[in-house]
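Dear colleague,

Please find below the structure for your review. The findings on helix packing and on the nonpolar core follow it.

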Amino acid sequence: MVHGYPDRRLYPPLMALYRDQGIVLRGYPFGEADRIVVLLSPNRGKLRTVAKGVRKTKSRFGGRLEPFTHVDLILYEGKNLDTITQASIIEAFTGLRSDLDRVVAAGTMVEVADLVAQENEPTHRLFLLLQRGLRVLDHGDLHPDLVTSYLLKAADIIGVAPALDYCASCGKTDDLHRFSFAAGGVVCERCRAAGSYALRPGLTDYLAVVAEADLSQLPDPDEALSREAIGVTRRFVEYHMERRLASLAVLDG
Amino acid sequence: MFEPPVQRLIDELARLPGIGQKSAQRLAFHILNVDEVDATRLADAIVEMRRDVRLCSRCFNVTADEECSICRDLRRDPAMICAVERAQDIPVLEKTHEFNGRYHVLGGAISPIAGIGPDQLRVAELVNRVEAESVEEVIVATNPTMEGDTTALYLARLLKPLGVTVTRLASGLPVGGDLDYADEITLGRALVGRQEL
């Protein structure tokens with residue numbers, strides 16, 4: 001043993017450094033000037049970390065750990081939370097931050113990702129969906145069906161996609177004009193259960209198209225159908241998550 | 001466990017933010033060792049602050065009167081309002097000596113993710129002031145975070161139709177900092193908001 005250095009065989013390193021990437025979902029103040037930063041990592045799922053001193057104006061992290069930012073990180077493992085030691089931006093999505101409606105849409109996307117992601121569970125599909133959603137928001141105007149499509153795709157990833165082209169109760173493929181949260185999708189007239197409600201004509205097909213379409217290639221919106229589509233989808237997702245989506249309610253008042 | 005009077009103070013101090021059991025013990029024994037007048041002065045200060053301080057009826061700053069000293073000051077420009085998240089932000093801005101208008105404490109910032117909407121802030125009160133006090137400019141001085149920026153965008157959307165100028169504190173490089181340590185978002189904003197010399 002070299003004098004002054006502990007024997008590695010007797011003292012394994014106490015803290016492990018590792019590298020990962022993720023999209024910042026949210027952050028909240030912690031202690032005097034620190035912040036807990038919650039990220040979605042494709043490899044580790046939900047990652048709860050602490051960024052020390054990030055709230056000071058001269059923090060070396062600057063704006064890198066604000067929500068919606070895709071960052072590359074060096075972290076060291078802690079007992080409860082891992083500490084971020086370095087952060088560099090992969091994609092900042094600066095475009096979407098300058099428009100209120102797009103910020104709220106992005107807020108809904110990260111909120112849903114935060115609700116469904118688990119810690120220590122790889123989640124490539126959800127990560128790619130979120131990344132795609134933020135990119136589409138970053139580059140263009142807000143399509144009225146973007147959040148609807150995102151919510152339906154997220155529901156699919158966690159295995160609760162609503163049935164849209166067959167009756168969720170008996171499997172019948174025609175006469176689908178009602179929606180039931182409990183049955184998990186559209187239902188036919190014969191299976192109409194208590195609590196199911198009538199959909200505007202054409203909405204079933206509209207939802208099916210929006211659920212399938214690429215986020216950047218959504219069909220031309222129909223205003224009335226759009227409004228009802230987000231309403232149904234939002235309540236469907238809230239029903240299955242057993243939680244209200246706070247972001248969508250922010251500008252309701 | 002200490003004797004009940006000592007332990008009671010330790011428990012109370014330990015409820016303060018950032019104070020753990022050990023610090024609370026140290027503070028309690030310090031208070032035990034100082035002159036009684038000093039300890040009484042501390043106790044009185046706490047009691048008087050709680051009894052006398054309330055929120056300014058105009059701007060919601062903390063004050064001992066109906067209106068805060070800034071709102072009562074006739075030399076200040078009533079046509080300018082600086083909207084801040086918290087009352088603690090006002091002394092920081094005052095120290096710059098660059099602003100001679102009045103303030104408005106919003107009581108937080110809009111956070112889509114935490115579900116904090118404009119109705120939980122003093123936004124309606126700000127709109128009333130803009131309409132009643134012939135305000136010409138509202139400076140949004142919320143934090144340069146996603147929440148603060150969202151609040152600024154919301155206030156701009158709400159206030160501009162009333163014919164008032166809505167401005168935002170500039171974001172950029174901290175004075176005394178190094179350019180190569182700046183992150184892309186901050187530096188990008190510094191470029192966009194550059195000024196002619």
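For the helix pairs discussed here, axes are lines fitted to C-alpha atoms over the stretch in contact, and angles run from 0 to 180 degrees between N-to-C directions. Please note that the model is predicted.

In chain A, the axes of helix α4 (residues 203-212) and helix α5 (residues 223-241) cross at roughly 75 degrees and come within 10 Å. Because angles of 65 to 115 degrees count as roughly perpendicular, α4(A) is roughly perpendicular to α5(A). On the α4(A) side, the contact involves L203(A), Y206(A) and L207(A); these meet L225(A), S226(A), E228(A), A229(A), V232(A) and T233(A) of α5(A). By class, six residues of this contact are nonpolar, two are polar and one is charged.

In chain B, helix α6 (residues 123-132) packs with helix α7 (residues 146-159) at an angle of about 40 degrees, and their axes are 11 Å apart. The two helices, α6(B) and α7(B), are therefore oblique to each other, and their crossing is right-handed. Here V123(B), L126(B), V127(B) and V130(B) of α6(B) meet Y154(B), L155(B), L158(B) and L159(B) of α7(B). This contact comprises eight nonpolar residues, with no polar and no charged ones.

Finally, the largest nonpolar core has 39 residues, and L40(A), F68(A), L130(A), L134(A) and Y150(A) have the most contacts inside it. The elements of chain A that give two or more residues to this core are β1 (17-30), β2 (34-41), α1 (100-116), α2 (124-139) and α3 (146-157). The largest share, eight residues, comes from α1(A).

With kind regards

Technical notes:
Residues numbered from 1 in each chain as written. Chains lettered and ligands numbered in written order. Predicted model: local features only at pLDDT ≥ 70, side-chain atom pairs only at ≥ 80, totals over all residues. Heavy atoms only, no water. Helix = DSSP H or I, 4+ residues; strand = E, 2+ residues; numbered from the N terminus. Parallel < 35°, antiparallel > 145°, perpendicular 65-115°, else oblique. Contact = heavy atoms within 4.5 Å. Nonpolar A, V, L, I, M, F, W, Y, C, P; charged D, E, K, R; others polar. Left-handed = near helix turned anticlockwise from the far one by under 90°. Core = buried A, V, L, I, M, F, W, Y, C linked by side-chain atoms within 4.5 Å. Buried < 20%, exposed > 50% of the residue type's maximum accessible area, 1.4 Å probe, protein only.
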